[in-house]
Amino acid sequence: MKKRLHLIIADSELELVPESIIDHPAIVNYAKRRKKKPEKIILDSTYHHAALRQLEDGERRGRPDIVHICLLNALDSILNKEDRLRVYVHTRNDEVIYVDPSTRLPRNYNRFIGLMESLFEKKVVPEDLQLLRLEKKTLAELINEISPDAVFIMHENGEFMIPKHFGKLLASFKKPVVIVGGFPHGDFRSKVEGVKISLYREPLMAWTIVNEVIVSYEWEVIK
Ligand SMILES: C[S@@+](CC[C@H](N)C(=O)[O-])C[C@H]1O[C@@H](n2cnc3c(N)ncnc32)[C@H](O)[C@@H]1O
């Protein structure tokens, strides 16, 4: 069996506008501009910050841009082109997006948002190719389903290891899972068992960690 890295962007701040703020002027006006129903739009802190103040955890929610950049980096990586990577997005509301490795994600942010809105509505997009599929699932359920031989949680307070050494460690497993937080501040909301690893002495952006993990593994498995 081919060794593959299974990368999970976890507790991602990707969600539809919650019902409690659906009537907020920031949401209503934005929905009107986009000619969409408020309940069918993706929450985005850039446009909805006034409404986000009314939400619990409002300071970290509405960050689909993090998922967009992480996915672009992962899908365009050499590791993915060599069929050695599987990527999953887990969200704060316990949905999981299964991403087919051949997916060509829109580079343009607005088009990415449009795609996510259809995914939340239809659960699979595009309907014929089914490259993205959304299912209700917790992070623990997803890990159970992948059935890995190791689980690593990328965490700024984890055991310190330079990326090169982490790549070697990952390559010693057949089916390792690596979890990166898809949120801008704070800690994971989901409780998962795994070895916490820190790759740098300061917190970095999720997409930087995604790149470091992918490249460190790639150098070990693609010769
Ligand atoms: C922007 S960070 C999360 C917020 C961070 N806790 C903070 O308050 O700045 C996003 C994710 O990147 C990963 N990450 C960030 N810095 C890291 C580091 N130094 N080592 C390993 N992973 C890191 C973690 O998975 C984290 O959940």
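**Helix packing, cores and a buried glutamate**

Hi everyone, let's start with two helices: the axes of H1 (residues 25-33) and H2 (residues 45-52) come within 8 Å of each other and cross at roughly 150°. That angle makes H1 roughly antiparallel to H2, since angles over 145 degrees get that label, those under 35 count as roughly parallel, 65 to 115 as roughly perpendicular and the rest as oblique. The axes are lines fitted to C-alpha atoms, for helices over the stretch in contact, with angles running from 0 to 180 degrees between N-to-C directions. Helices (H or I, at least four residues) and strands (E, at least two) are DSSP runs, numbered from the N terminus.

Before going on, a word on the source: this is a predicted model, where local features need pLDDT of at least 70 and side-chain atom pairs count only at pLDDT 80 or more, while totals for chains, interfaces and linings use all residues. Residues are numbered from 1 along each chain as its sequence is written, and side-chain values use heavy atoms, with hydrogens and water left out.

Back to our pair. Which residues in H1 and H2 meet? From H1 we have Ala26, Ile27, Tyr30 and Arg33, and from H2 Tyr47, His48, Ala50 and Ala51; contact here means heavy atoms within 4.5 Å. Sorted by class, the residues of this contact are six nonpolar, one polar and one charged. For that sorting, Ala, Val, Leu, Ile, Met, Phe, Trp, Tyr, Cys and Pro count as nonpolar, Asp, Glu, Lys and Arg as charged, and the others, Gly among them, as polar.

Let me zoom in on isoleucine 27, which is found in helix H1. Its relative accessibility is 0%, so isoleucine 27 counts as buried; the cut-offs are under 20% relative accessible area for buried, over 50% for exposed, and partly exposed in between, with a 1.4 Å probe and protein chains only. Not counting residues up to four places away in sequence, isoleucine 27 touches Val17, Ile21, Ile22, Pro38, Ile41, His48 and Ala51. Now look along the chain: isoleucine 27 and arginine 4 are 23 residues apart in sequence, and their C-alpha atoms are 41 Å apart in space.

In the loop between H1 and H2 you will find lysine 35. Its phi is near 55°, a positive value in a residue other than glycine. With a relative accessible area of 77%, lysine 35 is exposed. Aspartate 94, in the loop between strand E2 (85-91) and E3, also has a positive phi, near 60°. Aspartate 94 counts as partly exposed, at 26% relative accessibility.

While we are on the backbone, which peptide bond is cis, with omega near -20°? That is the one from valine 125 to proline 126. Proline 126 is in the loop between strand E4 (124-125) and strand E5 (132-136).

H3 (residues 64-75) and H5 pack at an angle of about 105°, with their axes 11 Å apart. That makes H3 roughly perpendicular to H5. Pro64, Asp65, Val67 and His68 of H3 make the contact with Tyr109, Phe112 and Ile113 of H5.

Now for glutamate 13, in the loop between strand E1 (5-12) and H1. Is glutamate 13 buried or exposed? At 0% relative accessibility, glutamate 13 counts as buried. Its side chain makes polar contacts with the side chain of arginine 60, at 2.9 Å, and with that of arginine 92, at 2.8 Å. A polar contact is a pair of N or O atoms within 3.5 Å; within protein, one must be able to donate a hydrogen and the other to accept it, and residues adjacent in sequence count only if both atoms are side-chain atoms. Leaving aside neighbours within four places in sequence, the contacts of glutamate 13 include Arg61, Gly62, Phe183 and Pro184.

Finally, the cores. Of the 45 residues in the largest nonpolar core, Leu7, Ile97, Met154, Phe166, Val178 and Val213 touch the most other members. Such a core is a set of buried Ala, Val, Leu, Ile, Met, Phe, Trp, Tyr and Cys residues joined through side-chain atoms within 4.5 Å. A second, separate core of 15 residues includes Ala10, Ile143, Val151 and Val177.

Thanks, everyone!
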